[in-house]
Amino acid sequence: MRNFLLLVFTILIFSFPSFSQSKKAQKHISILTADSLAGRGFTKGGQTKAANYIISELKKLNVNPSGENQFKQELSYPVNTFPGMVQFSTSIAGTTKIYGAGSDYLFHPSSNRIDIEGKIEIIDTTYLFDKIESKNIYYIDHKPKNPFIEKFLFESASQNSLLIVRDTAKWSWFPSDKQSQNTIMYVKDELKSGVEVKVSNEAEFIPNFRSSNIIGKINGDRSDSIIVFTAHYDHIGQMGSAIFKGANDNASGVSMLLSLAEYYSKNTPPYDTYFLFTTAEEVGLIGSYYFIQNPTFDLRKTKMLINLDMVGTGDEGITVVNAVKQKAFYNTLTELNQGKISQIKKRGKACNSDHCLFDQIGVPAIFIYTLGGKQAYHDVFDDGKDLSLEAFNSLHELLIESVNSY
């Protein structure tokens, strides 16, 4: 009986810290996905609010600032935004239908501001858009290949016109760093000849949107090498009332970095350890590119950079990108796992998150994301509801053990 009680006590001691990490992660995710942050995008000060929250948490943990302006490294970049009302409705035979942004329709991220109504003109991919026309409404009943889309947006003679594209596939929306003279809208419903539509948005192009990378440091036992944990905190924002909250992508990664910072604030890491929260990942890895061009610490000392992006599930394990190149660290992860995570998949190079640019300049870097669970990505359904955090505790422990052993 005594041995049994000792075993139970030991299990409770070692399991409680992990349990508390996932609970704290849920709190961070809830705050970072609040409506007031507007999807951590480009309206209502959403990114600034997110940055300020991260900094306040780092200060609570007594993490040292390592930016150019305390924790911040300020930068700017161009982006097309949808700050105000959006609207789409159809009318036929006296019956009007109002559609929901994000679920029933989406504007192409490069779309211009528009306020238009009238009957649709059904076209196909042979249509040339070579006439100097204005305020026309076109409709195509399937999603054409990209050159057709690009031509309408940036090469056609048409101006202030609307192209409605029927697209029944799963949507993934990305912000754009440019604005067209025309507008494209994707819809789920099939539209028939003779239908009248009413469409509007208040698109606004910002040539110099200001944001910041956030960098913190915890001193380690050694300074000859460094460990870097990174996660992007930006997301794709909002389109009218539709908010792309980005719970898994990437409030989960931000939460993991804050959890790791909390651990190392109480347990001195073996090496100087940096926490890099990047901006503008969603617009094209702009934040990480800017950091590489203007590093606030010596990247040549990097023993390993670990990028954490979309780590809010894990029902089916995790994937390690760049594991083929960084075989030694991947082997350390798998050897120490011992069943904590159901599987650790190996993947080669993929330029799909911030680790990529560091790898390209010779910094040892991997990217970890979780598998399974809720399959929401760059849409309004990545809202934090039903986000399992299945592997969060185990991944947190495994990262610490692997870094300490590597």
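Before anything else, a word on handedness: a crossing of two helices is called left-handed if the near helix is turned anticlockwise from the far one by less than a right angle, and right-handed if it is turned clockwise. Please also keep in mind that this is a predicted model.

With that in hand, let me begin with helix 6, residues 327–337, and helix 8, residues 392–405, whose axes come within 9 Å and cross at roughly 125 degrees. Since angles over 145 degrees count as roughly antiparallel and those from 65 to 115 as roughly perpendicular, helix 6 is therefore oblique to helix 8. The crossing of these two helices is right-handed. As for the residues that meet there, helix 6 contributes Phe329, Thr332, Leu333, Leu336 and Asn337, while helix 8 contributes Leu398, Glu401, Ser402, Val403 and Ser405.

Now to the strands. In a regular strand the side chains alternate between the two faces of the sheet. Strand 18, residues 318–321, is covered on both faces, with Ile318 and Val320 buried on one side and Thr319 and Val321 buried on the other. From strand 18 the chain passes through helix 6 to strand 19, in a β-α-β crossover that is right-handed.

Terms used: Residues are numbered from 1 along each chain as its sequence is written. This is a predicted model: local features need pLDDT of at least 70, side-chain atom pairs count only at pLDDT 80 or more; totals for chains, interfaces and linings use all residues. Side-chain values use heavy atoms; hydrogens and water are left out. Buried means under 20% relative accessible area, exposed over 50%, partly exposed in between (1.4 Å probe, protein chains only). Helices (H or I, at least four residues) and strands (E, at least two) are DSSP runs, numbered from the N terminus. A crossover is right-handed if, with the strands pointing away from the viewer, the path from the first strand over the helix to the second runs clockwise. Axes are lines fitted to C-alpha atoms, for helices over the stretch in contact, and angles run from 0 to 180 degrees between N-to-C directions. Angles under 35 degrees count as roughly parallel, over 145 as roughly antiparallel, 65 to 115 as roughly perpendicular and the rest as oblique. Contact means heavy atoms within 4.5 Å.
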